[in-house]
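Dear colleague,

I am passing on the structure we spoke about, with the sequence alongside. Please look through it first; my notes on what was found follow below.

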Amino acid sequence: MAENRQPDAPGAAHRSTVRSLLRLWPYARAVRRQLATSVTAAVLAMLSVLGVPIVLGRIVDGPLARHDLAGLWPPVGLLLLLGLVEAGLFYTRRVVLARPLAGLETAMRGELFAKLQRLPVSFHERWGSGQLLSRATADMYTMRLFLAFPLVFLIVNSVMFLAGTVVMFTQDWRLALIVVLPAGPLFVLTRRFESGYSGASRLAQDQNGDLATVVEESVLGIRILKAFGRHRSMHERFRAQSRQLRRTELRKAHLLANLWAVIVGLPELALGCALAVGAYLVAHDELSAGTLVAFLSTALALRWPVESLGWLLAYANEAATATDRFFEVLDEPEEADPGTATALGAPDGIRLTGVRFRYPDAPDGTPDLLRGVDLHVRSGETMALVGATGSGKTTLTALLPRLYEATGGTITLDGRDIRDLPRERLRELVAVAFEEPTLFSATVRENVLMGAPGADDERLRSALATAQAGFVDKLPAGADTEVGEQGLSLSGGQRQRLALARAVVGDPAFLVLDDPLSALDVHTEALVERALREVLAGTTALVVAHRPSTVLLADRVAVLADGRIEAVGTHQELLRTSTRYRELMTGEAALIPEGSTSR
């Protein structure tokens with residue numbers, strides 16, 4: 001199973017929540033009018049709530065003090081009107097934002113996915129799939145929810161707290177001082193909370209990504225786990241990572257509980273003191289009962305803005321972490337693609353001159369995997385590439401479509417340096433069939449026609465015939481049958497034949513086949529080779545081969561050893577002149593010491 005590498009979070013320990021969230025502004029700008037409308041509606045709704053205590057105070061000092069029941073109806077009607085206005089404004093706030101934010105989330109997810117498609121293969125080798133999956137799903141939801149609720153209420157609650165404070169000071173400045181006294185300690189506490197919670201939040205979201213990777217590997221590798229009876233060990237791995245995530249979530253809950261205890265406790269204590277002082281003032285005729293009722297009602301109305309502070313700060317930190325993780329992918333540098341040429345030169349085939357390559361994460365001091373490869377595959381020729389396991393054959397074939405960039409030397413197609421061609425154009429010219437075929441959760445037709453979008457049924461049938469994929473007609477819906485994730489509903493040989501059909505369906509000018517027949521039985525292999533000869537006759541091809549039967553498809557053979565091309569010739573010539581080639585073809589290659597490591 002692939003090693004899951006969790007990328008480092010640069011500056012995570014010292015990052016600013018506000019600075020992180022401000023990076024969302026370029027996206028939020030598209031919905032700024034709806035956000036402004038939502039905030040305005042919410043502010044007006046909250047201000048209508050502050051009107052209730054004022055009306056209650058007038059009721060107590062007016063109709064109730066005079067025992068005027070008839071005089072109760074106007075203020076009671078006003079209270080009902082304020083309630084309806086509040087409900088209508090909150091409804092407006094939700095309706096205005098729902099659709100635009102759903103569209104914003106979709107657009108951001110699309111941008112992330114497009115970025116993942118543009119990033120080089122080396123990036124995907126460094127990152128666990130679960131980390132990327134969680135960024136495209138859970139983190140997107142967190143950011144959208146922040147824009148819909150916490151962001152709005154951070155603004156609204158701040159406005160309401162300030163307005164409520166002004167109202168309380170106009171009612172009685174002495175009681176207002178008592179109520180706002182805890183604001184200082186609360187500010188200091190929230191700053192300390194933010195510094196601790198942001199680190200725990202980042203850790204939890206990264207651990208969620210790791211856990212998603214374990215689940216994905218378990219599902220995709222279920223056959224291996226069952227065949228080797230390793231489901232218990234995988235379960236233990238899952239449980240261990242689940243426990244780590246649980247500990248982190250409990251730490252977050254502990255931090256939040258401490259904050260909530262103080263946020264709820266201090267204002268309640270201040271409110272109790274204000275009630276006692278207010279009662280004393282009323283008893284000594286220094287304050288009217290109505291004013292005290294209005295003041296306490298205003299203070300109670302401010303409980304939600306104060307008590308929600310913990311939740312809002314926690315979610316703001318979650319959203320800031322999600323934003324950081326989102327931009328960690330978007331900030332990854334893409335490989336330069338300065339090529340502008342579209343046409344090739346005179347027919348010259350594939351030419352490699354002094355090609356060198358080493359993987360970016362190769363340990364310092366180790367030699368290059370490819371150390372100066374010189375090879376010429378003539379136009380219209382099929383060249384077989386053979387070598388011991390680990391000699392770099394697959395890596396060399398990956399350089400032609402620029403899945404990896406050569407670290408030295410040049411590669412030309414019909415005289416044109418592949419770096420002069422845009423990658424999109426290059427990959428139209430070069431078709432590849434990998435040794436380990438990958439199929440997608442789509443129909444057979446969709447999987448094969450990835451090699452030639454827009455091709456008709458005739459070309460599809462021709463490609464399937466070349467790959468001897470007659471089994472497709474026996475599938476429940478023929479070529480329109482869903483093959484399932486990774487094509488696991490098919491055998492290895494069937495998947496390999498569909499991958500071969502995908503490579504040849506577009507009649508490519510250059511064809512790269514990485515041991516395309518390794519999973520086939522002898523009979524099927526012979527049929528595929530017979531049909532493949534017709535395809536190879538009309539293209540320039542480089543074929544990685546491990547068996548004599550595959551080598552015989554080629555016009556000439558190149559032997560790769562110690563990072564270089566050691567010998568080139570026909571099959572018969574190399575059998576006579578190359579000891580290494582004879583050993584490879586007779587099954588004695590295990591005796592050849594490997595001069596390098598590969599993937």
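Averaged over the chain, the pLDDT is 82, and 90% of the residues score at least 70; please bear in mind throughout that this is a predicted model. Among the elements of the chain, the highest mean pLDDT, 94, belongs to strand 1 (residues 350–357), whereas the lowest, 70, belongs to helix 11 (residues 222–227). Two stretches call for caution. Residues 8–13 have a pLDDT below 50, and this stretch makes 4 contacts in the model beyond near neighbours in sequence. Residues 589–599 also stay under 50, although the model gives them 22 contacts beyond four places in sequence. Where pLDDT is low, the predicted coordinates should not be read in detail, and I would treat those contacts accordingly.

Turning to the strands, I looked at strand 3 (residues 382–387), in which 6 of the 6 residues are buried. In a regular strand the side chains alternate between the two faces of the sheet. Here both faces are covered, with Thr-382, Ala-384 and Val-386 buried on one side and Met-383, Leu-385 and Gly-387 buried on the other. Strand 3 runs parallel to strand 8 (residues 540–544), to which it is joined by 4 bridges, and Thr-382 stands opposite Ala-541 of that strand. Strand 3 is also parallel to strand 9 (residues 556–561), with 5 bridges between them, and there Gly-387 has Leu-560 as its bridge partner.

Within helix 4 (residues 73–118), Glu-105 and Arg-109 lie 4 residues apart, about one turn of the helix, and their side chains meet in a salt bridge with an N to O distance of 2.8 Å. Glu-105 is buried, at a relative accessible area of 10%, while Arg-109, at 29%, is partly exposed. In the pair formed by Glu-405 and Arg-402, the closest N and O atoms are likewise 2.8 Å apart; Arg-402 counts as buried because its relative accessibility is 3%, whereas Glu-405, at 23%, is partly exposed.

Elsewhere, salt bridges that share partners bring Arg-135, Asp-139, Arg-202, Asp-206, Arg-325 and Glu-328 together in one network.

Which residues touch the most other members of the largest nonpolar core? In that core of 58 residues, they are Met-108, Met-168, Phe-295, Phe-326 and Val-329. Helix 15 (residues 309–330) gives the most to this core, contributing 10 residues. Leaving aside neighbours within four places in sequence, Phe-326 is in contact with Tyr-27, Met-108, Leu-112, Met-140 and Met-143. There is also a second, separate core of 35 residues, among them Ala-433, Leu-464, Ala-503 and Leu-532.

With best regards

Technical notes: Residues are numbered from 1 along each chain as its sequence is written. This is a predicted model: local features need pLDDT of at least 70, side-chain atom pairs count only at pLDDT 80 or more; totals for chains, interfaces and linings use all residues. Side-chain values use heavy atoms; hydrogens and water are left out. pLDDT is the predictor's confidence in each residue, from 0 to 100. Helices (H or I, at least four residues) and strands (E, at least two) are DSSP runs, numbered from the N terminus. Contact means heavy atoms within 4.5 Å. Buried means under 20% relative accessible area, exposed over 50%, partly exposed in between (1.4 Å probe, protein chains only). Two strands pair if DSSP finds at least two bridges between them. A salt bridge is a side-chain nitrogen of Lys or Arg within 4 Å of a carboxyl oxygen of Asp or Glu. A nonpolar core is a set of buried Ala, Val, Leu, Ile, Met, Phe, Trp, Tyr and Cys residues joined through side-chain atoms within 4.5 Å.
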